[in-house]
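This report looks at how two chains meet, and at how one of them is built. The structure comes first.

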Amino acid sequence: MLMGVYSLLTASFFVLMDAVDVAFTEAAVGAGISTILMVTVLSMAGRFENRQLHHPRIALFVVLITGVMLVYGTFDMPAFGDLNAPVQTHVAPYYLQQSAQDIDIPNVVTSVLASYRGFDTFGEVVVVFTAVIGVLAMLEFSRKPDTTGDEPAPMYQHKILRIVGKILIPPIMLFALYVQFHGEYGPGGGFQAGVIFAAAIILHAMLFGVESTRKAVSMPVVKVLAAVGVLIYGSVGVVAMLNGGRFLEYNALAENPITGQHVGIIIIELGVGITVATAMMLIFLTFARRVGKANGESA
Amino acid sequence: MNFLEQYNYWIVIILMMSGFYIVIAHGNLIKKLIGLTVFQTSVFILYISMSKVTAGTAPILNEAYKVYSNPLPHVLILTAIVVGIATTALGLALVVRIKEAYGSVEEDLIQEKDLQQEGSE
Amino acid sequence: MIEHLPILQVIIPLLAAPICLILREARLVRWFTFIASALAFVNSILLLQQVQTQGTISYSLGGWVAPIGIEYRIDLLNAYLLILVTSISTLALLAAGPSLRKELSERKETYFYVAYLLCLTGLLGILATGDAFNVFVFLEISSLASYTMIAMGRDRRALWASYQYLIMGTIGATFILIGIGLMYMMTGTLNMYDLAERLPEVQQTKTVFTAFAFFVVGVCLKLALFPLHLWLPNAYAYAPSIATVFLAATATKVAIYVLLRFIFSVYGFEFSFSHLPLQEILVALGLMGVFAASIVAIYQDNVKRLFAYSSVAQIGYMILGLGVGSKTGLTATLLHLFNHALMKGAIFLALAGLIYRVGSVNLKAFSGLGKQMPWTMAAIVVGGLSLIGVPLTVGFVSKWYLVLALLESNWWPIAVLVLIGSLLAVIYVWRIVEVAYFRKAMQDSAPYKEAPLMILIPTWILVLANIYFGIDTGFTVGLSEQIAASLFEVAK
């Protein structure tokens with residue numbers, strides 16, 4: 001639980017630092033998905049902890065050396081908030097000044113993310129995809145045959161929660177779509193939208209039980225969609241290549257470079273959204289099912 | 001004077017050290033992962049701090065503002081956050097499997113069982 | 001299409017991965033993976049040719065010229081390593097079919113291939129890119145994929161090994177991230193070549209020094225330099241055989257590449273070696289790695305783990321060559337990168353065949369195998385001889401250059417120590433030979449058959465490569481010398 005609070009604190013710190021996009025993501029991921037996963041696993045592993053620490057002296061020693069190194073490093077750092085720091089004078093001004101002409105969308109974070117450094121974002125989507133493969137490979141199949149016990153959903157008895165939840169789920173999904181397509185203007189984009197969309201599904205699973213959610217969303221289809229998201233992103237790059245540009249050169253997508261940029265950004269954000277939403281759903285549902293089963297057996 | 005100018009980075013260092021300490025010293029596998037998250041988050045703050053400009057605003061272009069934060073670290077950290085959650089998810093999946101296979105999530109118990117297994121081989 | 005080679009190198013396996021997930025059918029996926037890897041191999045050969053005729057290739061992703069965008073930059077060094085990684089990956093995949101069918105359940109096979117392709121993508125991405133942050137992203141792709149592959153091992157200890165690797169690997173990656181962040185803070189750029197231009201101005205600052213320290217420590221965690229190697233032996237020992245072949249032959253090599261790239265191309269030789277005691281540290285750790293790991297290897301009964309410890313020792317030799325800080329030393333390191341991949345590829349592939357038939361890699365199970373599986377055991381013996389550094393094998397070539405480099409710098413005591421280290425390798429290889437050839441097979445079991453042809457063929461391709469490149473050193477030595485010379489030129 002403290003994890004979630006910590007993440008929310010971090011997120012609000014990011015807002016203070018003018019990093020709204022990052023704050024949005026940290027809030028959705030750190031306080032949302034990550035905490036839910038931690039709690040799910042904790043419910044299985046138990047809260048008991050062996051109080052004994054491992055080689056606390058060595059640990060302290062290593063950590064202290066690291067800390068001293070870092071403190072040593074701060075001595076020559078440019079001052080916090082300094083307008084003339086190298087970070088602010090090289091490369092970054094280009095983004096802030098040219099983004100309007102090159103890409104013509106107000107959110108510079110989106111234009112850097114999706115276009116200038118679009119390949120990093122592609123890598124990021126692949127990282128998510130890799131994590132899904134890892135989680136599925138490890139948790140999808142259990143060695144024991146399926147015990148088809150109809151265990152009650154975690155919150156089935158809370159009528160109010162269920163009704164409120166039911167009302168909440170559609171607006172959350174709508175909000176996700178809004179975030180998805182509004183990323184060029186305000187904070188947001190494919191990644192945040194994907195997480196929020198997945199949150200709606202996860203809420204459904206928490207209220208009505210994992211099995212009923214798994215009936216509502218077909219797992220094989222979701223799996224294919226996760227792959228399709230990556231392919232959409234990649235194919236934008238390939239199409240640009242076929243049109244005579246470089247990989248991910250959106251200018252080559254349409255007659256007018258600006259239109260090309262817009263088309264490219266919207267499509268890749270869609271790819272990001274699809275992969276992230278399906279990935280988070282897959283990860284949560286796989287965890288919940290596996291852990292739920294383990295709890296059922298031990299009970 | 002110089003110290004005050006960098007207070008942000010000092011906080012980062014404290015967070016970083018505590019996260020790192022948890023990772024090394026704690027025997028509980030889940031706690032280790034939590035420590036890892038704290039450790040990673042501190043690096044995020046390091047990046048975001050360097051992008052801040054005094055009196056600047058969020059890098060969403062608007063006629064009303066002249067000074068913006070540097071958008072590049074924001075982008076990098078978005079990526080890093082995603083990498084972080086991906087790692088955490090994978091780590092937790094491993095913890096679930098370890099719990100099933102060893103019946104414990106404590107480092108020393110697991111190592112004990114491994115030693116027994118090696119002895120019997 | 002020829003101008004797109006640098007990016008095709010990475011996106012062929014990358015796009016193949018999600019397609020594999022859609023295809024699902026394990027048999028189909030297997031061939032598809034193999035074709036993707038083979039295409040990547042052809043691509044890497046074309047790239048090397050292109051680099052040799054035209055010089056360094058730069059490819060701006062998204063059409064944004066660096067440092068605004070991300071740049072792929074291929075010179076001789078990465079072209080050489082691209083060939084190494086793709087060739088080993090293709091050969092390992094050739095043997096993957098029978099080996100994986102035996103070691104994994106059918107439903108998991110598809111996931112294994114997808115993870116394998118992603119790992120390959122990650123490694124190739126690290127090699128091809130000219131952007132510091134992009135290195136981190138692709139490093140994480142390859143790491144996450146390798147944790148997944150390792151965790152698929154049959155033994156439950158694979159899970160524990162994978163978890164330990166995940167923790168150590170993430171700490172390493174975060175250190176690298178801190179290093180990159182501090183470099184960015186002082187220069188305002190992420191492009192490696194832009195960094196190289198702008199770093200000298202701020203070279204004397206403490207922050208740049210800290211950045212360098214964090215980066216190097218992070219990379220050393222990844223490349224399992226003694227004493228940061230603790231994750232490696234178990235990870236290699238309990239992973240599925242094919243994953244071990246691939247990771248042992250390539251992953252640590254790519255980490256060494258990152259180290260070389262940053263020491264020579266970004267920071268510059270001058271900074272790395274004259275301002276810091278890096279030379280002494282590398283030589284000391286390299287030597288300690290050679291001895292500690294070789295001695296531990298002698299006492300291992302699990303043969304896979306034995307060779308994993310031997311890998312740590314071999315990494316020690318590579319770092320030693322780098323630590324000498326001369327052109328010949330660097331040549332030795334580059335040669336050993338390639339040669340060690342050939343040796344360990346051959347040995348671990350042979351072990352994959354052995355596991356297929358015998359089901360165990362415990363030394364006890366080896367008794368009498370010299371007669372029962374002559375080809376497999378012969379492959380292990382040739383690989384072992386190469387590890388020792390016997391003439392006519394590749395191991396001899398790289399050891400020769402290493403000793404030469406040490407003598408050139410008048411470090412003859414260390415040269416003597418290197419030779420003693422090789423004697424330790426004789427001991428652990430001999431233990432296997434003794435059990436396999438001079439002990440009678442256990443009575444209670446029927447004689448084992450030779451490993452399947454699909455595993456033997458790639459094993460022997462690598463074994464013959466061990467001998468071929470040991471005799472005809474033109475390709476490897478010539479290229480390594482060229483690369484070493486060019487790295488020192490950039491540094492000046």
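A polar contact is a pair of N or O atoms within 3.5 Å; within protein, one atom must be able to donate a hydrogen and the other to accept it. The model examined here is predicted.

## Contact between the chains

Four residue pairs are in polar contact between chain A and chain B, both residues of each pair being at pLDDT 80 or more.

Chain A and chain B bury about 7,100 Å² between them. Carbon and sulfur atoms account for 75% of that area.

## The salt bridge

One salt bridge is found across the interface of chain A and chain B. Its partners are Arg290(A) and Glu100(B). Their closest N and O atoms lie 2.6 Å apart.

## Two domains in chain A

Chain A is divided into domain 1 (1-49) and domain 2 (106-298). In chain A, 13 residues of domain 1 are in contact with 19 residues of domain 2. The two domains of chain A bury about 1,400 Å² between them, 82% of it on carbon and sulfur atoms. Which residues of domain 1 of chain A lose the most area to domain 2 of chain A? They are Asp21(A), Phe24(A) and Ile33(A). Together they make up 40% of what the domain 1 side buries.

The side of domain 1 of chain A that touches domain 2 of chain A has nine nonpolar, three polar and one charged residues. Zero salt bridges are found across this domain interface of chain A.

## Confidence along chain A

The mean pLDDT of chain A is 79, and 84% of its residues score at least 70. Among the elements of chain A, helix α7 (residues 118-139) has the highest mean pLDDT, 92. Helix α1 (residues 2-16) of chain A has the lowest, 70.

Over residues 144-152 of chain A the pLDDT is below 50. Beyond near neighbours in sequence, this stretch has six contacts in the model.

Note on methods
Residues numbered from 1 in each chain as written. Chains lettered and ligands numbered in written order. Predicted model: local features only at pLDDT ≥ 70, side-chain atom pairs only at ≥ 80, totals over all residues. Heavy atoms only, no water. Buried area = accessible area lost by both parts, 1.4 Å probe. Salt bridge = Lys/Arg side-chain N within 4 Å of Asp/Glu carboxyl O. Polar contact = N/O pair within 3.5 Å; in protein donor to acceptor, adjacent residues only side chain to side chain. pLDDT = per-residue confidence, 0-100. Helix = DSSP H or I, 4+ residues; strand = E, 2+ residues; numbered from the N terminus. Contact = heavy atoms within 4.5 Å. Domains from an automatic or database assignment. Nonpolar A, V, L, I, M, F, W, Y, C, P; charged D, E, K, R; others polar.
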